[in-house]
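Please open the model in your viewer and keep the selection panel at hand.

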Amino acid sequence: MAGRDIRRLVAVASLRSSQEKVLTGRRLLAGMAAVPESEVVMVDDREGLGAYLAADAPLPVRLIEEGHAEGAGRTVEWVARLEQAGISVLVAVGGDGTQRLVASARPRVPLIPVAGGTNNVACWLGDETAAGLAAARYAQQGMPLEDVGRRHKWIRLQVGAVEEVALIDLAWIRRAYTGALAVWEPEAVAALLLTTADATRPGLSNIGGQLEALSAEEDAALWLELGAAGQGREVAAILAPGLMARFAVRRRERIPLGTWVEQVAEADLTLALDGERELVVASGARVRVAVERSGLWV
């Protein structure tokens, strides 16, 4: 479902069709095939994209059966099944939401996150052929991860017994329902915790990027509190491709990594992880968050 959410309707974004995803897969496979004796493992998904790619792949492709999980759980399950198949490096095509699900599965192998969604802050935006070549070279040569990658920052979230992670942004949303998941109403955003703030990439992290840059390499996080119009510094940000929105930022603060922050929900609300509303939180609930550099190797 990457690249097919409601933001495609409310923004000026193009649909990531199955045909485009197949072309992305072919570019990845072309790069991998340039490294002799490479083998690709793919899930034989219900939509048939894996089988379609394997049929004319320029290198050996081993298809493995997918399990019985539904919805977002399919992505998490796929990661586990691919690891069980003995992969050396994982390539995931999708936006920030997809990459978050991959990270939540906590794979032991490094990840190349290839852009394929609506918001792609956590993703590689270069040519997919280069991503495939890099994946195959790493798998063949076993280079030290410190020489070719970095550990991802991520947000750890605790609400009672529930624990979740986010890669780029965690948002407090003034809505007590998940709805269509995606966040596109600027007046609904109450606060943001960011691992990255980039003014050139769409998404909630773009709000922070319009104020100050925060790169994936910096050992810090950014906290923003937002209010109604006229209640803070007005910021025009790119919420989704072609969708500009205005936000009033009342407060911003850089937070060191590893610092736990606790908030008590003053009203029923929703927590959005990497741009998608996931958790409904009741008034009075305690929300604990911290940004750590303990995520995946990328």
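Is the crossing of α4 and α5 left-handed or right-handed? To decide, select helix α4, residues 73–84, together with helix α5, residues 96–104. In this predicted model, the crossing of the two helices is right-handed.

Next, display the side chains at the contact.

Now draw the helix axes. The axes of α4 and α5 lie 8 Å apart, and the helices pack at an angle of about 50 degrees. Angles between 35 and 65 degrees fall in the oblique class, and α4 and α5 are therefore oblique to each other.

Move on to the sheet. Select its seven strands, which follow the order β10-β11-β9-β8-β7-β13-β14. The sheet is open, and its pairing is antiparallel. Colour β10 (233–240) and β14 (276–281) separately: these strands stand at the edges, each with a single partner, so one side of each has no neighbour in the sheet. Viewed strand by strand, neighbours in this sheet are turned against each other by 35 degrees on average, with direction ignored.

Finally, zoom in on one pair within the sheet. Select strand β9, residues 220–227, and strand β11, residues 243–256. The two run antiparallel and are joined by eight bridges.

Definitions and conventions
Residues are numbered from 1 along each chain as its sequence is written. This is a predicted model: local features need pLDDT of at least 70, side-chain atom pairs count only at pLDDT 80 or more; totals for chains, interfaces and linings use all residues. Side-chain values use heavy atoms; hydrogens and water are left out. Axes are lines fitted to C-alpha atoms, for helices over the stretch in contact, and angles run from 0 to 180 degrees between N-to-C directions. Helices (H or I, at least four residues) and strands (E, at least two) are DSSP runs, numbered from the N terminus. Angles under 35 degrees count as roughly parallel, over 145 as roughly antiparallel, 65 to 115 as roughly perpendicular and the rest as oblique. A crossing is left-handed if the near helix is turned anticlockwise from the far one by less than a right angle, and right-handed if clockwise. Two strands pair if DSSP finds at least two bridges between them.
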